[in-house]
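This briefing concerns the surroundings of a ligand, the domain layout and the nonpolar cores of one protein model.

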Amino acid sequence: MSAEIRPISGGRFERIGAHSHIKGLGLDGLKALPVADGMVGQTEAREAAGIIVRMIKEGKMAGRAILLAGPPGTGKTAIAIAIAKELGADVPFVALSGSEIYSAEMKKTEVLMQAMRKAIGVRLHEFRKVYEGEVTSFDVKFTRHPYNPYQQMPESARLTLETTDDKRTFSVGSTITMAMINQGITVGDVIQIDAETGRVIRVGRSEKAAEKFEIAAISEKPVPRPSGNVEKEKEFVYTMTLHDLDEMSARRSGGLLSLFFGGPERAEIDPEVRQRVDEMVKERVEEGTAEIIPGVLFIDEVAMLDIEAFAFLNRAMESDLAPVIILASNRGITKVRGTDIESPHGMPLDLLDRLLIITTRSYTAEEVKEILKIRMKEEGVDVEEEALDLLTKIGAETSLRYAVQMIRPAAEVAKEAGRKAISVADVERVSELFADVRKSTKYLREYEQRMLA
Ligand SMILES: Nc1ncnc2c1ncn2[C@@H]1O[C@H](COP(=O)(O)OP(=O)(O)OP(=O)(O)O)[C@@H](O)[C@H]1O
Ligand SMILES: [Mg+2]
């Protein structure tokens with residue numbers, strides 16, 4: 001028997017709201033369907049991404065890097081997210097924007113190092129001795145509080161745990177007693193007590209106890225009464241990332257579960273700690289009590305990285321515990337940050353040289369229209385046919401991104417006017433009020449002299 005404990009690692013997914021309609025790459029085998037999983041067109045790029053997904057799943061991509069290159073609003077970020085969806089929840093996927101490496105608290109290379117290590121999963125198997133069963137009696141003995149004679153506090157308890165085959169009664173001390181009271185554990189609950197640490201885990205309400213009441217107070221799914229002996233060796237499976245292990249190892253105290261109670265968020269980690277973790281993981285892999293799950297580190301807007309960061313990435317890709325790195329860029333030939341060298345995508349040539357490059361192309365008007373329709377459905381917005389045509393025209397002329405961003409404001413304007421669906425007037429109004437990049441650049445050029453330099 002095994003239990004899966006999965007820590008919730010820092011969610012970096014807020015910025016993905018604009019891509020909530022993307023459910024996958026929309027492939028049938030390795031062939032892209034014209035419209036599927038929220039994806040429209042861009043078939044070659046999606047098919048290439050499909051091959052990458054296969055390679056990642058087969059573990060043949062670790063330490064390699066891919067570049068998604070194409071004009072703004074052509075679905076690079078959308079494809080990266082679709083790759084994450086295709087990989088499933090078991091494969092870590094970490095998203096980072098190039099500019100995020102410049103933080104006040106940490107060195108650039110430390111931010112990158114942590115991101116890389118968040119993108120490598122480790123599944124650890126641990127056997128622990130536990131007492132497990134349904135609580136069939138729980139009698140607490142109280143004593144007077146040492147400082148407050150009017151207050152009673154639990155001193156110890158007698159506890160009976162039953163399985164379908166076994167029954168044991170224990171006397172337990174104040175720590176376990178308090179832990180049980182604090183979690184509201186009562187007769188009829190199935191619990192586990194870790195023999196070594198005394199940590200109490202409430203598994204759930206037992207089916208048998210739940211049957212007694214027609215209407216249960218809490219709407220939780222009852223669990224069966226465990227079988228076998230009350231005292232047993234149980235296998236626990238923890239899925240965490242190398243970064244989680246680094247942090248735990250840096251804190252050292254508390255063991256695996258201290259992870260759930262957090263700690264200092266943004267601190268640099270000593271290279272020696274990482275080395276220790278790597279050794280421990282490798283040893284356990286050899287022993288057969290751990291598996292490594294190489295995931296994906298996605299770095300969007302890669303031209304924001306500088307020469308130091310690129311050098312670090314280049315080196316890191318060589319290490320044997322490296323994730324798959326997916327980069328995205330909408331820049332043409334531009335300066336590599338921190339140098340005077342012009343280079344495609346603002347990336348050093350030696351790094352570019354070892355990338356697999358997937359290009360995305362601009363959309364046709366029909367594709368823009370189809371994507372806008374999907375986004376409107378996703379946002380629960382209605383639109384009149386002519387208004388959709390106008391927005392499509394705007395999207396094809398400016399950028400898909402701009403047209404997608406106009407949906408919400410247009411819906412607000414329509415609502416204010418008492419309309420259920422977006423009309424042509426609403427689209428015209430918001431395109432007057434909000435500038436796209438080109439309009440705003442033109443404005444800047446015209447008024448440059450009068451603005452603050
Ligand atoms: N092929 C597609 N199918 C469905 N939706 C798409 C597709 N391509 C892009 N989108 C959607 O259009 C919007 C803009 O695309 P996205 O942000 O992925 O472009 P990008 O190439 O990353 O642009 P940038 O270079 O500006 O970062 C997003 O809401 C995205 O989800
Ligand atoms: Mg993008």
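Ligand 1 is surrounded by 21 residues, the closest being Gly75, Lys76, Thr77, Ala78 and Asn330 (a residue is near a molecule if its C-beta atom, placed from the backbone, lies within 6 Å of it). The model is predicted: local features need pLDDT of at least 70, side-chain atom pairs count only at pLDDT 80 or more, and totals for chains, interfaces and linings use all residues. Residues are numbered from 1 along each chain as its sequence is written, while chains are lettered from A and ligands numbered from 1 in the order in which they are written.

**Ligand shell**
- β5 (39-40), α2 (76-87) and α12 (400-416) are the elements that give two or more residues to the shell around ligand 1 (helices, H or I, have at least four residues and strands, E, at least two, as DSSP runs numbered from the N terminus).
- Domain 1 (2-119 + 295-359) and domain 3 (365-445) both contribute to the shell around ligand 1, so the ligand lies between them.

**Domains**
- The protein is divided into domain 1, domain 2 (127-236) and domain 3, with bounds from an automatic or database domain assignment.
- The centres of domain 2 and domain 3, taken over C-alpha atoms, are 58 Å apart.

**Nonpolar core**
- The largest nonpolar core has 87 residues, and Ala49, Ile83, Val296, Leu297, Phe298 and Ile326 have the most contacts inside it (a core joins buried Ala, Val, Leu, Ile, Met, Phe, Trp, Tyr and Cys residues through C-beta atoms within 7 Å; buried means 20 or more other C-beta atoms within 10 Å of the residue's own, placed from the backbone).
- α12 gives the most to this core, with nine residues.

Definitions and conventions: Buried ≥ 20, exposed ≤ 12 C-beta atoms within 10 Å, placed from the backbone.
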